[in-house]
Structure formats: structure tokens, C-alpha cells
Amino acid sequence: MRNRPDPAAEFDIRLKEAAAETETMLAQLLAAECVAGEIVRPKRLIEAMRYASLAGGKRLRPFLVIESGRMFKVPRRRALLVGAALECIHCYSLVHDDLPAMDNDDLRRGRPTSHRAFDEATAILVGDGLLTLAFDILARPAAHPDAQMRIDLVMALARAAGIGGMVGGQMLDLAAEGRFETRRPQPLDELGVSRLQAMKTGALLRFACTAGAILGGADASARRAVDRFGAALGEAFQIADDLLDVEGDPSMVGKQTGKDAAANKATFVSLLGRDEARKRLHSLVARAQAALSRFGPAAATLREAARFVAERRN
Ligand code: GRG
């Protein structure tokens with residue numbers, strides 16, 4: 001009988017497989033040739049969109065869609081398409097976040113940011129193109145044959161990525177930095193930081209986890225369990241990111257570090273100190289893993305994902 005690899009090894013294999021398949025899917029979706037209804041795909045736009053979304057990134061969000069889908073017996077190709085749509089939103093957010101008007105970063109995923117490799121106007125259009133493509137993908141019958149199911153996915157992703165989700169979280173972040181009228185940093189308390197992070201980073205990760213349950217037609221109680229997992233994982237991810245900004249090696253992280261303190265950013269690390277932030281991180285991992293206990297061995301890889309998020313080095 002073949003020995004099953006341990007959960008950590010199995011996780012690594014599955015994450016790599018999901019990343020490779022996502023890469024292939026994105027490359028197909030960003031082909032030079034038009035799809036029905038389009039007129040022409042400008043060469044520079046496609047080149048820049050491919051630059052921003054191919055060859056790099058852990059592909060954690062598509063992986064979470066695939067793995068949560070696996071628990072509910074979702075056909076892999078459907079989960080892959082939904083994961084690719086989500087990755088488009090994630091890549092657009094990184095491109096726009098790196099722009100001079102936002103974080104003004106030169107390095108992303110170990111390479112020049114999109115506006116550095118191309119130009120600012122192209123980088124703005126790359127983000128616009130990826131955001132629009134995400135919803136094009138979700139509207140395709142290949143994402144799910146049932147139109148109501150596709151509408152549910154569109155709605156859930158729009159809410160996660162939009163005003164009351166990622167975009168809103170970015171707005172709160174800029175306001176807290178003192179970018180607007182006051183021109184002074186606006187200190188946030190724990191609740192403020194927690195809400196900002198749940199929106200800016202957590203919402204997409206949470207969607208990634210619930211998408212599998214939506215695609216698989218899971219009942220309300222299973223959906224809530226997966227949603228609790230996603231919420232805890234999202235918060236853990238951001239605390240790990242904040243710790244990496246303080247402790248990480250830029251050559252490993254693939255971007256500049258030390259930017260949060262320089263921008264007076266309120267994070268759990270700045271509010272609580274590194275040790276307390278790390279304790280909070282570990283308790284979130286335990287909370288995320290406990291949320292999946294009812295699924296038994298079927299959720300082993302997702303439980304590993306919570307550990308990975310806390311221990312990652314990039
Ligand atoms: C500009 C609309 C708009 C939103 C920006 C997500 C975001 C909001 C900004 C990104 C800034 C940032 C670095 C946030 C920390 C969390 C995060 C999203 C890290 C990068 O995600 P990973 O580690 O990246 O999954 P890879 O490269 O692996 O895909």
C-alpha cells in the first residue's frame with residue numbers, strides 16, 4: 001500500500017499543482033486572440049496584463065478555491081476558472097497598489113512593478129482590464145452551468161472586492177495614513193485595524209474559501225463553517241504580512257520591507273508589538289483549523305493552509 005505523504009508535504013504538492021494549473025489557465029485567458037464580442041486585443045495591453053499576472057505569485061487564492069471546492073466535490077475545472085477570476089482581481093489590486101499615487105513601489109514579486117516595466121497609464125489599464133476580465137470569466141457557463149450559481153459568485157466577488165471590501169479597505173488605509181484633508185495620520189484602535197484588514201486583505205481570501213462551498217452547493221451551516229475558516233485565515237494572513245514587513249528579507253519577500261512603519265501604518269504589529277501580534281497569529285491559525293473540524297480528513301490540506309499562511313516567508 002502506498003504511504004500517504006504527511007499533510008505538510010501534501011499541502012506543498014497541491015499548492016504547486018494549483019499554481020501551475022492557474023498559470024496555464026491565466027495564460028489561455030490572456031491570449032493575444034480575441035474572444036466573441038471583442039474587437040481587438042491591443043498588443044501592449046495584453047503584454048502588460050500577462051506581465052502582471054503570469055510568472056509569479058504563490059496563487060494562494062486559487063488554491064483555496066480549488067481546495068474548498070474539493071471538499072464539496074466541485075469539478076476541478078470550474079474551481080480553476082473561479083480561482084483564475086479571483087487571481088485577476090488580486091493581480092489588479094497589486095498593480096494599482098504599487099502605483100505612485102498609492103504605495104509607489106518599484107518591486108513586486110521580485111521584479112519591477114508594472115508601472116516601472118511599462119508606464120503608469122498602461123498599469124492603470126492593466127488593473128482595469130484584469131478587474132473586468134474577472135467578471136467576464138465568472139459569467140461564462142464553464143464556471144458553472146447554472147446561471148443562478150454564476151450570479152451568486154459574481155455578487156459574492158463584487159462584494160468582497162468592492163466598496164465594502166478590498167477597495168473600501170484600501171480607502172480606509174490611505175485615510176489612516178493621513179493622505180486626505182487632515183494630512184495627519186489618523187490613529188486606529190484594534191477594532192479599526194481589524195476592520196480595515198478584514199476588508200483590504202481578508203475579504204478576497206474569505207471569498208476564496210467560500211467560493212468552493214458556493215460552487216459545490218454546500219448547505220448554509222457548511223458554508224458558515226468555511227466562511228469562519230476564511231475570516232480567521234484572512235486575518236492571520238495580514239498579521240503574517242505585517243510581521244514580514246518588519247522582519248522579512250526583501251530578497252525573499254520580493255518587495256521592499258519596512259514600509260508600514262515609514263508610512264505610520266497602524267497594524268497589529270505596531271499596536272501590540274511583535275510578540276503579542278505573533279500570539280494573535282497563532283490563535284487565529286487554531287481558530288481557522290477548528291472551524292473545519294466537522295469536515296475531518298477532507299479538510300486536512302485546508303488546515304495546513306492556515307499553518308502555511310502563518311509561517312510563510314514571502
Ligand atoms: C489598489 C484597489 C486597490 C487595492 C489594494 C490588496 C491591496 C489592496 C493592496 C496590496 C498591498 C498589500 C501588499 C497588502 C498585504 C497583503 C497582500 C495582498 C499581500 C500580497 O499577497 P500574496 O502574498 O501575493 O498572496 P502573491 O505575490 O503571492 O500573489
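The legends below describe close-up views of a predicted model. Local features need pLDDT of at least 70 and side-chain atom pairs count only at pLDDT 80 or more, while totals for chains, interfaces and linings use all residues. Residues are numbered from 1 along each chain as its sequence is written, and side-chain values use heavy atoms, with hydrogens and water left out.

**View A. Helix H4, residues 76-98.** Helices are DSSP runs (H or I, at least four residues) numbered from the N terminus. The expected span is 1.5 Å times one less than the number of residues.

**View B. Aromatic pairs.** The whole structure holds four aromatic pairs (rings of Phe, Tyr and Trp, the last by its six-membered ring, with centres within 6.5 Å; planes over 60 degrees apart count as edge-to-face). Tyr 51 and Phe 118 have ring centres 5.5 Å apart and planes at 70°, so they are edge-to-face. Tyr 51 belongs to helix H2 (residues 43-53) and Phe 118 to the loop between helix H5 (114-117) and helix H6 (120-138), 67 residues apart. Both Tyr 51 and Phe 118 are buried. Phe 72 and Phe 295 are also edge-to-face, because their ring centres lie 5.8 Å apart with planes at 85°. Phe 72 is in the loop between helix H3 (60-71) and H4, and Phe 295 in the loop between helix H14 (274-291) and helix H15 (300-311), so this pair ties together parts 223 residues apart in sequence. Phe 72 and Phe 295 are buried. Elsewhere, ring pairs join Phe 11, Phe 63 and Phe 308 into a cluster.

**View C. Arginines over Phe 237.** Arg 61 lies over the ring face at 5.3 Å from the ring centre, and Arg 312 at 3.9 Å. The criterion is NZ of Lys or CZ of Arg within 6 Å of the ring centre and within 35 degrees of the ring normal.

View D. Around the ligand are 20 residues (a heavy atom within 4 Å), of which Lys 58, Arg 61, His 90, Asp 97 and Arg 109 come nearest. Polar side-chain atoms lie at these distances from an oxygen atom of the ligand: 2.5 Å for Lys 58, 2.7 Å for Arg 61 and 2.8 Å for His 90. Taken alone the ligand exposes 700 Å², of which the protein buries 92% (Shrake-Rupley method, 1.4 Å probe). H4 gives the most to the shell around the ligand, with six residues.

Key. Helix = DSSP H or I, 4+ residues; strand = E, 2+ residues; numbered from the N terminus. Phe/Tyr/Trp six-rings, centres within 6.5 Å; stacked < 30°, edge-to-face > 60°. Buried < 20%, exposed > 50% of the residue type's maximum accessible area, 1.4 Å probe, protein only. Polar contact = N/O pair within 3.5 Å; in protein donor to acceptor, adjacent residues only side chain to side chain.
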